[in-house]
Amino acid sequence: MRGLLASSVGVTCAAALALPLTSTAVAARPVSPAAVRPASGAEALGGTQSLPLAPLASRDRTLAPVAEQGLPRRDVRHFSLVGVIWDDPDTVLHGRVQVRTRAVGTDSWSGWQDLETHNDDAADPGTAERASGGVHGATAPLWVGDSDGVEVRVRAEADRRTEDTARGPRTATTTAPLPTGLRLELVDPGESAPAPARQETTAAGAPHRAAAPRSAPTAEPAEARAATDAAAANAGLAGLDATEIPALDRQQTEQELFALRARELTEQQRVKPYIGPRPRIVTRHGWGADEGLRERGFVYTKKVKAAFVHHTASGNGYRCTQVPSLIRGIYRYHVKSMGWRDIGYNFLVDKCGNIYEGRAGGVAKPVLGAHTLGFNTNSMGIAVLGSYGTKKPPAAVTKAVARLAAWKLGLHGANPKGKTYLKSGGGNLYPKGRKVRLNVISGHRDGFATECPGWQLYRKLASTRTTAARLQGR
């Protein structure tokens, strides 16, 4: 999720509670009772700790004092997802953001881990979501697992250039200032408990039982209404309390297509509907979305003409049983830390090939997302959980993306192997208003100057298009 900027190196795709500043610690300290997460009540739904960063003394004397900010090691309440935000969403962080964390119940600290500094998944310019006034710039979030200690450093990127002068070559060093309002966001996605047994397949091919989150203790009426609205958006596909939308075979899917879009189908589509069998999709209820976090109501576009494939750049160190927690963490980070109306992606896919409902509004409907800056209208965003710049995606991932695209694009008569035109809403690759010819299944980098969805996933899109077209019967 990282924009390709001249001063950036190795770019890739993507109401807080502040803790009092504790004294710094050079060595790891034992877990305090206050750091233990409650097991019941509203706090079981998760929360965010937001800590302001402060200037650090830099070892590089060529850097200005404000060119490095961070926090020394400290004890914090439990969290599993970490990111850094700043005030202006249009300001680019030219530099490096690193964190290290301590796993709960240990004195062991991780090594330094990099956060992707350019998170270019975003609502289009000029939209109500983008112009809400509460949107922040942000790194991509990183999944670190259950932790209760953290250290962070943000260092501005120094640009050293050699210039020819009358006295000979001279090296000049300039440093772009860091964005204002840097804060560390520590996200606790809340607890989960075993769901009714259902079989899944891990990346290694071994079966495991998926975990689903525990329901909220007692929802407020507004939250209950929001949960009902989100579930009702999938009416006809699953019940209000369903944790998943089951897979259908081809004949059942064609019947569903006629039921959902009969008035919009052409004569040719009625005779030969090109659509892939509907895949199994875990609902928002299934991964435990707190519907009280997001804005009420849904926003739709006219149709789905294209699918943009992303990776979340949140790391590959998760287990597939942890995915509901991981998605809840990303959801909370998008809404509470970055200021979006809901999670940005329309769908998410884990490394075991499971598909999850993303932004609320109905999986069969053209929900407006916040995934590809400039091209959110008439498209959908599919985010693969993980980082795939150098790591190859498992076969289960590419098969799941193809199944999902074959079905959802088929609902709108789109050919996965075809081309389509989308009008740019404005971005760093195409100016606002330009009609751009794109693959119906594109990578994020096709609409925005970024390396998302990572080279190893991007190079698989050609075969994904072929598979999706075959699933549609083309």
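**Aromatic contacts, helix packing and backbone notes**

Phenylalanine 308 has a relative accessibility of 0%, so this residue counts as buried. The model is predicted. Phe308 belongs to one aromatic cluster, together with Phe375 and Tyr430. The points below start with that cluster. Charge-over-ring contacts, helix packing, selected residues and backbone geometry follow.

**Aromatic cluster**

- The structure contains 5 aromatic pairs. One of them joins phenylalanine 308 to phenylalanine 375, with 6.2 Å between ring centres and 40° between planes. This pair is tilted.
- Phenylalanine 308 is in strand 15 (residues 306-311). Phenylalanine 375 is in the loop between strand 17 (355-357) and strand 18 (379-384). The two are 67 residues apart, and their pair links distant parts of the chain.
- Is phenylalanine 375 buried or exposed? Phenylalanine 375 counts as buried because its relative accessibility is 1%, under the 20% cut-off.
- Phenylalanine 375 also pairs with tyrosine 430. Their ring centres are 6.0 Å apart and their planes meet at 85°, so this pair is edge-to-face. The reasoning rests on the plane angle: over 60 degrees counts as edge-to-face.
- Tyrosine 430 sits in the loop between strand 19 (419-423) and strand 20 (435-439). Phenylalanine 375 is in the strand 17 to strand 18 loop, so the pair ties together parts 55 residues apart in sequence.
- Tyrosine 430 has a relative accessible area of 22%, so this residue is partly exposed.

**Charges over rings**

- Which ring lies under the charged end of arginine 73? The ring is that of tryptophan 109, and the charged end is 4.5 Å from the ring centre.
- Arginine 445 places its charged end over the ring of tyrosine 458. Here the distance to the ring centre is 4.4 Å.

**Helix packing**

- Two packed helices are described by the angle between their axes and the distance between the axes.
- Helix 6 (residues 395-411) packs against helix 8 (residues 461-471). Their axes are 8 Å apart, at an angle of about 45°. That angle makes helix 6 oblique to helix 8.
- The crossing of helix 6 and helix 8 is right-handed.
- On the helix 6 side, the contact residues are Thr398, Val401, Ala402, Arg403 and Ala406. They meet Thr464, Thr467, Ala468 and Leu471 of helix 8.
- Helix 2 (residues 250-261) crosses helix 6 at roughly 35°, and their axes come within 10 Å. This crossing is right-handed.
- Which residues of helix 6 meet helix 2? They are Trp407, Gly410 and Leu411. Helix 2 brings Thr253, Glu256, Leu257, Leu260 and Arg261 to the contact.

- Tyrosine 318 is in the loop between strand 15 and helix 5 (323-337). Its relative accessible area is 2%, so tyrosine 318 is buried.
- Tyrosine 318 and tryptophan 143 are 175 residues apart along the chain, yet 7.3 Å separates their C-alpha atoms.
- Leaving aside residues up to four places away in sequence, tyrosine 318 touches Trp143, Val323, Leu326, Asp350, Lys351, Leu385 and Gly386.
- Leucine 45 lies in the segment before strand 1 (47-52). Leucine 45 is partly exposed because its relative accessible area is 25%.

**Backbone geometry**

- Most residues other than glycine have a negative phi, and most peptide bonds are trans.
- Where is there a cis peptide bond? One runs from cysteine 452 to proline 453, with omega near 15°. Proline 453 is in the loop between strand 21 (441-443) and helix 7 (455-458).
- Alanine 313 has a positive phi, near 55°. Alanine 313 is found in the loop between strand 15 and helix 5. Its relative accessible area is 7%, so alanine 313 is buried.
- Asparagine 378 has a positive phi too, near 60°. The loop between strand 17 and strand 18 holds this residue. Asparagine 378 counts as buried because its relative accessibility is 16%, under the 20% cut-off.

Key:
Residues numbered from 1 in each chain as written. Predicted model: local features only at pLDDT ≥ 70, side-chain atom pairs only at ≥ 80, totals over all residues. Heavy atoms only, no water. Phe/Tyr/Trp six-rings, centres within 6.5 Å; stacked < 30°, edge-to-face > 60°. Helix = DSSP H or I, 4+ residues; strand = E, 2+ residues; numbered from the N terminus. Buried < 20%, exposed > 50% of the residue type's maximum accessible area, 1.4 Å probe, protein only. Lys NZ or Arg CZ within 6 Å of the ring centre and 35° of its normal. Axes fitted to C-alpha atoms, helices over the stretch in contact; angles between N-to-C directions. Parallel < 35°, antiparallel > 145°, perpendicular 65-115°, else oblique. Left-handed = near helix turned anticlockwise from the far one by under 90°. Contact = heavy atoms within 4.5 Å.
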